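Morning, everyone. I have one structure to show you today.

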Amino acid sequence: MSNPFVRIVEPLDPKQPLKKFFNLSKLEDVRYARLPFSIRVLLEAAIRNCDEFLVKKGDVENILNWKVVQHKNVEVPFKPARVILQDFTGVPAVVDFAAMRDAVKKLGGDPEKINPICPADLVIDHSIQVDFNRRSDSLQKNQDLEFERNKERFEFLKWGSQAFKNMRIIPPGSGIIHQVNLEYLARVVMDQDGYYYPDSVVGTDSHTTMIDGLGVLGWGVGGIEAEAVMLGQPISMVLPEVVGYKLLGNPQPLVTSTDIVLTITKHLRQVGVVGKFVEFFGPGVAQLSIADRATIANMCPEYGATAAYFPVDDISIGYLIQTGRDKEKVMCTKKYLEAVGMLRDFKNSSQDPDFTQVVELDLHTVVPCCSGPKRPQDKVAVSDMKNDFETCLGAKQGFKGFQIAPDRHNSVVKFNFEGCDFELAHGSVVIAAITSCTNTSNPSVMLGAGLLAKKAVEAGLTVKPYIKTSLSPGSGVVTYYLRESGVMSYLSQLGFDVVGYGCMTCIGNSGPLPESVVEAITQGDLVAVGVLSGNRNFEGRVHPNTRANYLASPPLVIAYAIAGTIRIDFEKEPLGINASGKKIFLKDIWPTRNDIQAVERQFVIPGMFKEVYQKIETVNKSWNALDAPSDKLYTWNPKSTYIKSPPFFDGLTLALQTPKTIENAYVLLSFGDSVTTDHISPAGNIARNSPAARYLTSRGLTPREFNSYGSRRGNDAVMARGTFANIRLVNKFIDKQGPQTVHFPSGETLDVFDAAERYKQAGHPLIVLAGKEYGAGSSRDWAAKGPFLLGVKAVLAESYERIHRSNLVGMGVIPLQYLPGEDAGTLGLTGRERYTIIIPEKLKPQMNIQIKLDTGKTFQAIMRFDTDVELTYFHNGGILNYMIRKMAS
């Protein structure tokens, strides 16, 4: 190493003489000690790839001058130590790899060069659905149906695990990707290649940030970007600003980690942290367990930051031991972190780094709360829930409104379920799900839910039988300690049986509601409610029939399930009346923090984690029995409706094509603010009247066999038809919600796909207009691939969520941004104009370009290629085209 800032020091472990490490902390230059800990990890990763790093202007010296250069677009090529994938995003990644091998071979290169260079773990967790619940065999029946639906996808993934080196598959039924990462996969410190260095990870799921709670720097990227990383390409990023989030005080006894993260989410949305790192510090951090920190880090995408980092401290080290990691390795981890100045003491303010900005939260001010009814950042104190929902009923249609006429606020619809008569009204709970790694990774809230269930059952309370209740833990460890602590049977009595180990309701795999319930909701046009312990509640995500969805802690999920309605004031109204006529209030059954901690200390033990995880790759007999081909090139089956060779590389040549001006483009869709990737590329059910349904029917499938959009991400024909297919899509060209648009040449209103096909056949390019936060939500790469296949050449928005902008870049779709202070309204754009986007010959990052309209108007917009590397990708037509040319040459 020629870099003067790097010193290779003696091994930490005398038994392993090769395990040396880079030492940056002992520099005479004191600037290192003022760097945020998250920036130190970036620096260590950059130094580890020193040759490539020093090619760019963003060298070590620049990073040490972080406070000076952070606003000057210093480019940092970051090579994470690992990549992690889930199956909804993993299947299209493996499909792309298989297609890239074919493309490299056609161009005369070695197809086996398309192979992961860094370790890649793919956890199958997104396929299982809540088809069965409230029965003792729900878990087995849901898992059997999962294999029946997804056998072809699973065989394909098993082929990938054999065809590609460095790719490990964690079989279905093992848990949720981020919880498995936290409890098992994460190293904190890597001991590979003869050196110790910090663990870091990017993942094809936006909630990869959960691992930041353990001190592993990680965040979500699109599948396209992850594929490039797996092939050895660094992530080119602008050196980020780091917001210091200072935590003070102690939480109140009745407050959960869910309440804390929902409070932080609302706060940081107001602060504005898109594209920035958030790093937590202050004495309040020491009051939080690793599970608490992981919950806060998990919802980082909901407050918009790139990463939400908790540096490693002694509590982190203790967690590694508690979860059954090797003690000798853990001690070496601690020694390494001490040696490089990266072991944090949150009570020692002299260790506090310099931050771009500091904001504070006194944990004692946090109160029990939920978020909803349509966005994670819309926090509502539990004490205000009844009034807030009733206000939302009559409010104008929007994030906090349903526009229900005043004379219908108290509408009631009677229905029959399993021979008994019931009533539904606005605010009735029809889904109550303890779900998602956000909360099921946290023993305190899960045991809290179990203890509350125990007290509820003992008090004589029940849950109405038509409410779809479910418990989908993030790992087998959860079931283990719930069972051992004696609370599992009480959860089952309230309907919260284990239905599967996967994301399930959190990602919209909530399964069908009873027909009589759906009929009642439809008949009364009711605003029915889902309550879930998840991280997202965007419209149309959880279930098509729940227009209001609230995020809540697991104990509150049970409480609202017992109440049967969101329109309840827990302080004044009882949860229910038992057989003896006694009113039971929530305060009567809510467990104390001391009760929960006593049970946690007794039952959440290292042996539990070791037992579950030592057999994680072999325990699923159905997976073991799968027969997958062993060829290095995949043999595509033309009859398959799940796996199809994508058209992305058709006609690709070694020679670059010069980007051309986009001439006279039509606007396919015009949006307002907060259009999410769920709106652009939904993951849930395929509606029977949709273009995707018509395609699948033409291939001989029945509606029962449609499965979900998420499960069909290996088939571009389905996914292109599913683009902008969300039933809650709000397009300014249409006066009602739905996946349709106006085809301007004919004036007809068509399904979005059908309109795009007409434009494509006539040779017309397309663009999309949008407001703020375009592409918020999941990291799904199909939210960029789908528009690309529809013929969308550019998006013009007020602002972008980070991952989606990167995905657009990765597909060669131009992300354009209005100049500050301008938007469609100020410029008088209706979307009915035709747009010519002038692409200059010489491009530079974030340059202004001209847009001409057929009306004669001209204005400028920012071309959001943020780095020189992104411009290179654009000239190649996208990241994957660039990688193919690189490998082929």
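I'll go from the whole chain, to the core, to the aromatic rings.

Keep in mind that this is a predicted model. The protein chain has 889 residues. How many helices and strands does the protein chain have? There are 34 helices and 34 strands. Along the principal axes, the C-alpha atoms fill a box of roughly 80 × 75 × 55 Å.

Now, the radius of gyration. A compact globule with 889 residues would come out near 29 Å, and the protein chain has 26 Å, which agrees. Burial next: 65% of the 889 residues count as buried. The accessible surface is about 31200 Å², and carbon and sulfur atoms hold 49% of that. Look at contacts between residues at least 6 apart in sequence: 75% of them join residues at least 24 apart.

On to the inside. In soluble globular proteins, nonpolar side chains tend to be buried together. Here, the largest nonpolar core has 296 residues. Which residues have the most contacts inside this core? They are F280, Y560 and Y774. Helix 6, residues 87-106, gives the largest share of the core, with 11 residues.

Take F280. Leaving aside neighbours within four places in sequence, its contacts include Y245, L247, I264, Y303, F310 and F346. There is also a second, separate core of 11 residues, with I686, L696, F706 and V718 among them.

One stretch has an annotation. UniProt, in an unreviewed entry, places the domain "Aconitase A/isopropylmalate dehydratase small subunit swivel" at residues 693-818. That span is 32% helix and 18% strand, and its end C-alpha atoms lie 36 Å apart.

Last, the rings. A search of the whole structure finds 30 aromatic pairs. One of them is F389 with F402: tilted, 6.5 Å centre to centre, 50° between the planes. Why does this pair tie together separate parts of the sequence? F389 lies in helix 15 and F402 in the loop between helix 15 and strand 18, so the pair links parts 13 residues apart in sequence.

Another tilted pair is F415 and F422, at 6.0 Å centre to centre and 35° between the planes. F415 has a relative accessible area of 8% and is buried. F422 sits at 17%; buried means under 20%, so F422 also counts as buried.

Finally, ring pairs link F97, F156, W159, F164, Y634 and W636 into a cluster.

Methods: Residues numbered from 1 in each chain as written. Predicted model: local features only at pLDDT ≥ 70, side-chain atom pairs only at ≥ 80, totals over all residues. Heavy atoms only, no water. Core = buried A, V, L, I, M, F, W, Y, C linked by side-chain atoms within 4.5 Å. Buried < 20%, exposed > 50% of the residue type's maximum accessible area, 1.4 Å probe, protein only. Helix = DSSP H or I, 4+ residues; strand = E, 2+ residues; numbered from the N terminus. Contact = heavy atoms within 4.5 Å. UniProt positions renumbered as here; feature names shortened; annotations may be inferred. Rg over C-alpha atoms; globule rule 2.2 N^0.38 Å. Areas by Shrake-Rupley, 256 points an atom, 1.4 Å probe, with all protein chains shown as cover. Phe/Tyr/Trp six-rings, centres within 6.5 Å; stacked < 30°, edge-to-face > 60°.
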